[in-house]
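Subject: Structure for your files

Dear colleague,

Here is the structure we talked about handing over. My notes on it follow below.

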Amino acid sequence: MSWEWGVIWQYLPKLLDGAWLTIELVAISGLLGLVIAVPLALMRASEKKAISAFPYIYIFFFRGTPLLVQIFLIYYGASQFDAVKNSFLWPVLREPYWCAIIAFSLNTAAYGAELIRAAIQAIPKGEIEACMALGMSKFTTIRRIILRRAAGIVLPGYSNEVLLMLKSSALASTITLLDLTGMARTIIARTYTPLEMFFAAGMVYLAMAAVLILCFRLMERKLNRYQYAKRPV
Amino acid sequence: MKKLIATAVMLAACVTAPLSMAGEKIRIATEGAYAPFNMMDNQGQLVGFDVDIAKALCAEMKADCEIVAQDWDGIIPGLRARKYDAIIASMSITEERLRVVDFSEKYYANVLAFVGPKGKALDTTKDALKGKTIGAQRATIAGQYLEDNFGNVVNVKLYDTQDNAYLDLASGRLDGIMSDKFPAYDWLRTPEGKGFEFKGADLDIDDHIGIAVRKGDKLAGKFSTAIKAIRANGKYAEINAKYFPFDIY
């Protein structure tokens with residue numbers, strides 16, 4: 001087998017350009033996804049069927065279909081309708097960049113919502129009852145107690161979802177975006193060195209994942225610092 | 001002693017039997033997403049010009065062939081990994097590919113062309129294309145020619161399949177596509193392609209299409225001989241006429 005290190009060094013700057021796009025996609029859709037996930041989770045945790053039905057269907061759809069299908073439907077599917085092409089949304093839906101962000105955000109929001117819902121329900125009943133006993137309004141309870149407690153509980157699981165999304169973002173390459181994977185595949189089309197390029201791309205993904213893992217570790221230490229406190233001797 | 005001879009004979013039989021059969025059985029890969037050269041029909045069977053040529057060549061060589069579908073990106077790595085023995089998938093003979101595989105003589109010649117929407121002028125000279133968005137399939141001659149010759153003036157978009165590029169032409173995201181001419185000719189005659197037409201002049205880039213085999217494999221020569229034979233006996237012309245009203249050799 002022939003292995004060319006040279007080709008990796010030669011194309012590394014291009015791969016890093018691609019990696020930057022991957023970071024943008026994951027960061028923006030990760031944040032947007034979280035913003036969508038929190039209200040969905042609160043609705044989903046509601047005991048009223050009328051309120052929990054919508055997030056239930058939403059989560060069912062986005063967890064039940066492949067992300068690739070979702071991206072294709074948003075990018076290629078929507079653009080086949082003149083109604084979409086003539087609408088005010090077209091400047092946004094025209095761009096593969098925004099289509100990818102929309103698909104990733106909606107997808108990760110579904111998984112995130114389910115994680116947060118589970119975290120909310122894992123908060124000990126007594127703590128909520130304490131809020132009621134103190135006369136806190138519902139909104140204040142959610143803002144000061146429920147969301148803060150849920151954040152600490154959800155964090156380890158949520159880091160999984162973000163890591164999965166980092167890797168799923170490779171699907172952006174199917175709609176002409178030159179993210180890390182798209183860039184690697186374009187270089188391979190020219191150099192015929194798939195092993196070297198995918199190895200290099202894999203290492204860059206690994207480095208990005210390492211940074212993410214570290215960030216989540218630090219956040220966990222801060223949010224759940226009571227678990228890390230030294231016991232008095 | 002007798003036993004020893006018997007064992008030796010059996011061993012020899014075991015060693016030679018697969019060797020003599022290996023010459024007959026040829027596994028051929030094609031892409032299956034490049035109409036009208038190779039595509040899937042309604043039943044999921046591989047059909048098209050490449051597939052017909054492959055079958056005609058196998059009949060000519062009296063070989064037992066199996067045709068498999070393989071994604072374009074992995075088609076050369078798959079050949080080198082011995083998943084199949086030949087690629088008949090409208091692959092251009094290029095210097096870069098010749099470094100990793102061998103080719104038969106050409107079985108047709110490709111030219112490039114621009115395709116754009118009817119009723120919207122598209123001047124295909126380099127200066128006029130400045131700032132336009134032009135699509136092509138990734139890892140193809142058209143894609144590389146576009147990047148190499150127009151990459152500094154146009155916004156190049158690369159697609160995994162030609163179908164996706166057509167979808168995006170129809171959606172209006174692309175001003176035009178640079179494509180191999182013959183498959184585009186076929187697409188323009190479909191209901192989806194009816195609003196589009198060739199723009200500007202064809203680009204003859206001396207692009208020959210051959211059959212790829214592993215480096216040093218004698219199959220290349222056998223295919224070349226078989227290509228000459230079907231050109232001579234009219235079989236090629238018969239297949240050609242099924243797809244195009246002009247000779248593409």
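This is a predicted model: local features need pLDDT of at least 70, side-chain atom pairs count only at pLDDT 80 or more; totals for chains, interfaces and linings use all residues.

Helix α7 (residues 125-133) of chain A and helix α8 (residues 138-168) of chain A have axes that come within 11 Å and cross at roughly 165°. Angles over 145 degrees count as roughly antiparallel, and α7(A) and α8(A) are therefore roughly antiparallel to each other. The crossing in which α7(A) passes α8(A) is right-handed. On the α7(A) side, the contact is made by Glu127(A), Ile128(A) and Cys131(A); α8(A) contributes Thr141(A), Ile145(A) and Arg149(A). By type, the residues of this contact between α7(A) and α8(A) are three nonpolar, one polar and two charged.

As for the chain as a whole, chain A has eleven helices and zero strands. Read from the N terminus, its elements run α-α-α-α-α-α-α-α-α-α-α. The C-alpha trace of chain A spans about 70 × 60 × 25 Å along its principal axes.

Two further figures concern packing. Chain A has 233 residues, of which 33% count as buried. Among the contacts in chain A with a separation of 6 or more, 78% are between residues 24 or more positions apart.

Regards

Definitions and conventions: Residues are numbered from 1 along each chain as its sequence is written. Chains are lettered from A and ligands numbered from 1 in the order in which they are written. Axes are lines fitted to C-alpha atoms, for helices over the stretch in contact, and angles run from 0 to 180 degrees between N-to-C directions. Helices (H or I, at least four residues) and strands (E, at least two) are DSSP runs, numbered from the N terminus. Angles under 35 degrees count as roughly parallel, over 145 as roughly antiparallel, 65 to 115 as roughly perpendicular and the rest as oblique. A crossing is left-handed if the near helix is turned anticlockwise from the far one by less than a right angle, and right-handed if clockwise. Two residues are in contact if their C-beta atoms, placed from the backbone, lie within 7 Å. Ala, Val, Leu, Ile, Met, Phe, Trp, Tyr, Cys and Pro count as nonpolar, Asp, Glu, Lys and Arg as charged, and the others, Gly among them, as polar. A residue is buried if 20 or more other C-beta atoms lie within 10 Å of its own, exposed if 12 or fewer, and partly exposed in between; C-beta atoms are placed from the backbone.
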